[in-house]
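Good morning, everyone. Please look at the screen while I walk you through this one.

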Amino acid sequence: FRSKSRNRRRGASLIEFTLVGIPAIIISTCVLTCAIDMWQYYTLSYAVDQTARYAALHGNTCSAGSNSCTITRADVATYFQNQAIALTTASTTMVLDDGSGAVTCNPVNSCPSSSSRFPAVGSNLPATTSTAANTVTVQATYPLINPIFMFWPGTNSVGATSFTVGATSKQPVIF
């Protein structure tokens with residue numbers, strides 16, 4: 001009697017694992033990719049904020065007297081790249097605005113070839129003056145690629161889809 005009972009249950013573990021294992025793998029993949037996307041978005045936001053602060057501290061009057069602390073767009077782009085450790089710089093777009101006009105670095109690793117001073121001479125004055133152009137604005141966008149939609153019912157997508165996230169930071173010029 002015991003062997004008949006054993007024969008009827010043969011293969012049940014495999015079927016149960018299949019019914020539970022496949023959804024568990026899909027959910028684990030989705031949670032992992034969402035965590036990576038959140039990390040990349042946080043990194044983008046952090047890098048934009050720190051880069052705007054860096055540029056604001058090296059404003060128009062930074063080189064007054066014996067100080068030599070002016071920076072270029074290349075310095076700003078390099079600083080951004082060093083802060084954005086989770087991002088692929090070839091996919092990141094950055095816009096630098098110092099009140100004299102916005103400069104787009106698309107991708108951000110194309111900016112280091114620029115030797116133009118940032119903030120530009122005369123474009124920003126310290127916040128204590130009455131001019132309106134006294135801020136530095138840094139914007140960046142990054143495409144997040146997420147394979148969750150491959151598993152979504154009703155989509156005819158074969159591969160992973162992407163969506164773009166952005167961050168902006170506006171800082172008053174300190175010097």
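Let's start with a term. Buried means under 20% relative accessible area, exposed means over 50%, and partly exposed is in between, with a 1.4 Å probe and protein chains only. At 38% relative accessibility, Ile 36 therefore counts as partly exposed. Ile 36 sits in helix α2, residues 12-56.

Now the ground rules. This is a predicted model, where local features need pLDDT of at least 70, side-chain atom pairs count only at pLDDT 80 or more, and totals for chains, interfaces and linings use all residues. Residues are numbered from 1 along each chain as its sequence is written, and side-chain values use heavy atoms, with hydrogens and water left out.

First, the overall layout. The protein chain has 4 helices and 4 strands. Helices (H or I, at least four residues) and strands (E, at least two) are DSSP runs, numbered from the N terminus. Read from the N terminus on, the order is α-α-α-β-β-β-α-β. Of the 175 residues in the protein chain, 34% are buried. Accessible areas here come from the Shrake-Rupley method with a 1.4 Å probe, and for residues only the protein chains shown count as cover.

Next, contacts, meaning heavy atoms within 4.5 Å. Take the contacts in the protein chain with a separation of 6 or more: residues 24 or more positions apart account for 68% of them.

On to the sheet. In what order do the 4 strands of the open sheet come? The order is β2-β1-β3-β4, with antiparallel pairing. The edge strands are β2 (102-105) and β4 (161-172), and each pairs on one side only. From one strand to the next, the twist averages 15 degrees. Two strands pair if DSSP finds at least two bridges between them.

Let's count bridges. Strand β1 (residues 93-97) and strand β3 (residues 135-146) run antiparallel and are joined by 5 bridges. Leu 96 has Val 138 in β3 as its bridge partner. Between β3 and β4, also antiparallel, there are 12 bridges. There, Thr 135 stands opposite Pro 172 in β4. One general point: in a regular strand the side chains alternate between the two faces of the sheet.

Now find the loop between β2 and β3. Pro 107 lies in it. Asn 106 and Pro 107 are joined by a cis peptide bond, with omega about 0 degrees.

Which helices lie across the sheet strands? Helix α2 lies across β3 and β4, at about 25 degrees to β4. Helix α3 (residues 73-83) lies across β1, β2 and β3, at about 135 degrees to β1. For these angles, axes are lines fitted to C-alpha atoms, for helices over the stretch in contact, and angles run from 0 to 180 degrees between N-to-C directions.

Stay with α3. Its buried residues are Arg 73, Ala 74, Val 76, Ala 77, Phe 80 and Gln 83. The buried residues of α3 pack against α2, β1, β2 and β3.

Zoom in on Phe 80. Is Phe 80 buried or exposed? Phe 80 is buried, because its relative accessible area is 1%. Among the residues that Phe 80 touches, not counting those up to four places away in sequence, are Leu 44, Ala 47, Met 94 and Ala 140. Phe 80 and Ala 47 are 33 residues apart in sequence, yet 5.7 Å apart in space, C-alpha to C-alpha.

A salt bridge is a side-chain nitrogen of Lys or Arg within 4 Å of a carboxyl oxygen of Asp or Glu. By this rule, the count is 1 salt bridge. The side chains of Asp 49 and Arg 53 form it, at 3.5 Å, N to O. Asp 49 and Arg 53 are 4 residues apart in helix α2, so about one helical turn separates them. Asp 49 is partly exposed, at 24% relative accessibility. Arg 53 is partly exposed too, at 41%.

Last stop: the surface. Leu 32, Ile 36, Trp 39 and Ile 85 make a nonpolar surface patch of about 450 Å². Patches are made of residues with over 30% relative accessible area and no salt bridge: like charges are joined within 9 Å, nonpolar side chains (Val, Leu, Ile, Met, Phe, Trp, Tyr) within 5 Å. Ile 36 is where we began, at 38%.
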